[in-house]
Amino acid sequence: MPMANKPTSKGRFPTLPHSVETGVRKLGQNLRAARLRRNLSIEDVAARIGVSRFAVADAEKGKPSTGIAVYAALLWTYRLLDQLTEIAGPTKDIEGTTLSLTRERARAPRQSTLSNDF
């Protein structure tokens, strides 16, 4: 499903699908909980990943304009990066797998004869 909205000059999206906003907000809440469980301050985490405390706070608020690298770095800090690498993995893409199976060739493509001319 194509996204009709393009970011504004300030990097904001005028309207995102509700499920996208909710998902990003939930990710931010999860990251905040992970930081607090580890008894780390926003300043500590920001220093570890080389960003401002505002970038960490924005990620924890689930701001869509926050770059994915910030989210990835936070996951790395909390030793949760392996969960990111599993997102959209081929084994978890049930719809894509189903679609690819319905479009597979019924037989192998015709083989062209090889020439021995060099």
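User: Hi! Is A88 buried or exposed?
Analyst: Hi there! In this predicted model, A88 counts as exposed because its relative accessibility is 69%, and exposed means over 50%.

User: Let's switch to T77. Where is it, and why does T77 count as buried?
Analyst: T77 is in helix α4. T77 counts as buried because its relative accessibility is 10%, and the cut-off is under 20%.

User: What does the side chain of T77 lie 2.9 Å from?
Analyst: A polar atom of that side chain lies 2.9 Å from the backbone oxygen of A73. Leaving aside neighbours within four places in sequence, T77 is also in contact with R48 and I49.

User: New topic: how much space lies in the largest pocket?
Analyst: About 330 Å³. The lining has 15 residues, and L27, I68, Y71, L84 and I87 lie nearest the centre.

User: Which helix gives the largest share of that lining?
Analyst: Helix α4 does, with four residues. Helices α1, α4 and α5 each supply at least two.

User: And how do the lining residues divide into nonpolar, polar and charged?
Analyst: Twelve are nonpolar, two are polar and one is charged.

Definitions and conventions:
Residues numbered from 1 in each chain as written. Predicted model: local features only at pLDDT ≥ 70, side-chain atom pairs only at ≥ 80, totals over all residues. Heavy atoms only, no water. 1 Å grid on protein atoms, 1.4 Å probe; cavity = no way out; pocket = protein on both sides within 12 Å on 5 of 7 lines; lining within 4 Å. Points joined across faces, edges and corners; volume = space filled by probe spheres on them. Nonpolar A, V, L, I, M, F, W, Y, C, P; charged D, E, K, R; others polar. Buried < 20%, exposed > 50% of the residue type's maximum accessible area, 1.4 Å probe, protein only. Polar contact = N/O pair within 3.5 Å; in protein donor to acceptor, adjacent residues only side chain to side chain. Contact = heavy atoms within 4.5 Å.
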